[in-house]
Amino acid sequence: MYYFYINYPNFKDRTILIHEGECGHCQNGNGMHESGSNEKGFWAGPFKELIHVEEALKSLIKLFSYQPEIGNHTCCK
Ligand SMILES: [Zn+2]
């Protein structure tokens, strides 16, 4: 399963990365500290296929006034 993370505080400075669920940063959408907290952003997913998460992310950023960079984290390159 694949996820991506939207971070509010430094949204414009960051590349939005796609992660695999098993990635240490992602942990199936719970994040690095397994807090499950969405205080500073949120995980979107799970998406079954990498192509689905890419399509969702591209559609989502079309709605933003600013176009952030998107990419794959090392876990799913
Ligand atoms: Zn990752």
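**View 1. The surroundings of R14 in a predicted model.** Leaving aside residues up to four places away in sequence, R14 touches N7 and P68 in this view, and the model from which the view is taken is a predicted one. R14 itself is found in the loop between β1 and β2. A residue counts as partly exposed when its number of C-beta neighbours falls between the limits for buried, 20 or more, and exposed, 12 or fewer, and R14 counts as partly exposed because it has 14 such neighbours inside 10 Å. The view also brings together R14 and E69, which are 55 residues apart in sequence, yet 7.2 Å apart in space when the distance is taken from C-alpha to C-alpha.

**View 2. The whole chain and its elements.** The protein chain has one helix and four strands, and, read from the N terminus on, these elements follow one another as β-β-β-α-β. Along its principal axes, the C-alpha trace of the protein chain spans about 30 × 25 × 20 Å. Among contacts between residues at least 6 apart in sequence, 62% join residues that are at least 24 apart.

**View 3. The four-stranded sheet.** The strands form an open sheet in the order β3-β1-β2-β4, with mixed pairing. Its edge strands are β3, residues 41-47, and β4, residues 70-72, each of which pairs on one side only. Neighbouring strands of this sheet are turned against each other by 25° on average, with direction ignored.

View 4. Helix α1, residues 50-61, lies across β1 (2-7), β2, β3 and β4, and runs at about 140° to β3. Which residues make up the largest nonpolar core? This core has nine residues, namely Y2, Y3, F4, Y5, L17, I18, C26, V53 and L57. The elements that give two or more residues to this core are β1, β2 and α1, and the largest share, four residues, comes from β1.

**View 5. The cis peptide bond at P46.** G45 and P46 are joined by a cis peptide bond, with omega at about 5°. In general, most peptide bonds are trans.

View 6. In general, most residues other than glycine have a negative phi. In this view, however, phi of Q27 is near 45°, a positive value in a residue other than glycine, and phi of N28 is near 55°, which is likewise positive in a residue other than glycine. Q27 lies in the loop between β2 and β3, and N28 also lies in the loop between β2 and β3. Are these residues buried, exposed or partly exposed? Q27 is partly exposed because 17 other C-beta atoms lie within 10 Å, and N28 is partly exposed because 16 other C-beta atoms lie within 10 Å.

View 7. C75 is found in the segment after β4, and C75 is partly exposed, because 16 other C-beta atoms lie within 10 Å. When residues up to four places away in sequence are left out, C75 touches H19, E20 and C23. The pair formed by C75 and H19 is 56 residues apart in sequence, but 6.3 Å apart in space, taken from C-alpha to C-alpha.

Note on methods:
Residues are numbered from 1 along each chain as its sequence is written. This is a predicted model: local features need pLDDT of at least 70, side-chain atom pairs count only at pLDDT 80 or more; totals for chains, interfaces and linings use all residues. Two strands pair if DSSP finds at least two bridges between them. Axes are lines fitted to C-alpha atoms, for helices over the stretch in contact, and angles run from 0 to 180 degrees between N-to-C directions. Two residues are in contact if their C-beta atoms, placed from the backbone, lie within 7 Å. A nonpolar core is a set of buried Ala, Val, Leu, Ile, Met, Phe, Trp, Tyr and Cys residues joined through C-beta atoms within 7 Å.
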